[in-house]
Amino acid sequence: MPELPEVETTRRGLAPHVEGRRVTAVTLRRPDLRWPIPDEVTRLLPGQRIDAVRRRAKYLLLDTAMGSALLHLGMSGSLRVLPADTPVRPHDHVDLALEGGREGPRVLRFNDPRRFGCLLWQPPGQTHELLADLGPEPLSDTFDGDYLFAMSRGRSAPVKTFLMDQRVVVGVGNIYVAEALFAAGVSPLRAAGKVSRERYLRLAEEIRRILDHAIARGGTTLRDFIAPDGAPGYFEQELSAYGRGGEPCPRCGRALKQAAIGQRTTVWCGHCQK
């Protein structure tokens with residue numbers, strides 16, 4: 001599933017091409033994705049100017065005066081800005097036609113082969129229920145080691161499970177939490193409430209650093225992810241722990257361990273991570 005860097009890469013790729021443009025028409029080639037597409041999308045979005053493209057957790061929001069289109073890429077979805085006459089491919093479920101700019105009319109096309117993505121609607125001044133209980137953004141000023149330390153007190157769940165709780169912090173998925181824990185030298189098995197303040201300070205720094213680097217590199221490109229310009233990301237080549245169970249640790253050379261934590265595959269070094 002695309003994680004925060006993939007979604008942020010998509011947002012940054014789309015924004016210059018859609019912000020300030022007016023939606024002239026909405027084409028739905030099916031009435032639903034993961035959930036039914038609400039009629040507000042076809043009733044309210046046409047004629048509206050897209051004022052901003054925002055990201056909240058792994059969701060994208062296209063803000064207009066009448067409300068926001070709320071999108072999630074699901075397991076394999078992609079959003080691309082294409083010439084309006086681009087032939088429709090299989091799984092091209094939604095088109096937002098955009099008024100012409102210097103390069104002529106364009107269409108924002110949502111392709112989703114597995115249909116685990118969504119297109120929903122958020123009225124102005126409201127917060128959609130899917131976004132209502134989310135924790136802070138890991139790249140925001142409200143997220144740091146002191147916050148993690150305070151939130152973790154009394155928690156017996158493994159620190160990896162704690163960090164992947166979207167009510168604690170959003171968007172730090174399986175790939176990037178594995179990399180951050182490795183970089184900080186923290187075992188994913190350690191109880192969240194047993195991690196010291198000093199180690200959380202280091203862990204928060206590594207989460208920020210790794211996410212920033214992954215965004216700059218275009219994401220991980222695991223299986224299906226492709227950036228809006230059609231180019232894959234390259235961060236996967238630089239992963240230290242994720243997906244490398246049984247391989248030598250990049251630091252000590254011992255075999256990396258692998259197990260399931262919270263039904264998610266976890267890889268770590270039993271020697272370097274305590």
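Guide: One convention to begin with: a helix crossing is left-handed if the near helix is turned anticlockwise from the far one by less than a right angle, and right-handed if clockwise. This is a predicted model, where local features need pLDDT of at least 70, side-chain atom pairs count only at pLDDT 80 or more, and totals for chains, interfaces and linings use all residues. Residues are numbered from 1 along each chain as its sequence is written, and side-chain values use heavy atoms, with hydrogens and water left out.

Visitor: Which hand does the crossing of α5 and α6 have?
Guide: Right-handed. Helices here are DSSP runs of H or I, at least four residues, and strands are runs of E, at least two, numbered from the N terminus.

Visitor: At what angle do they cross?
Guide: Roughly 130°, with the axes of α5 (residues 174-184) and α6 (residues 197-217) coming within 9 Å. Axes are lines fitted to C-alpha atoms, for helices over the stretch in contact, and angles run from 0 to 180 degrees between N-to-C directions.

Visitor: New topic: where does UniProt put the "active site"?
Guide: The unreviewed entry places that feature at Pro 2, Glu 3, Lys 58 and Arg 264. Positions follow the numbering used here, feature names are shortened, and annotations may be inferred rather than shown by experiment.

Visitor: Is Glu 3 buried or exposed?
Guide: Buried, at 5% relative accessibility. Buried means under 20% relative accessible area, exposed over 50%, partly exposed in between (1.4 Å probe, protein chains only). Arg 264, in strand β10 (residues 264-268), is partly exposed at 39%.
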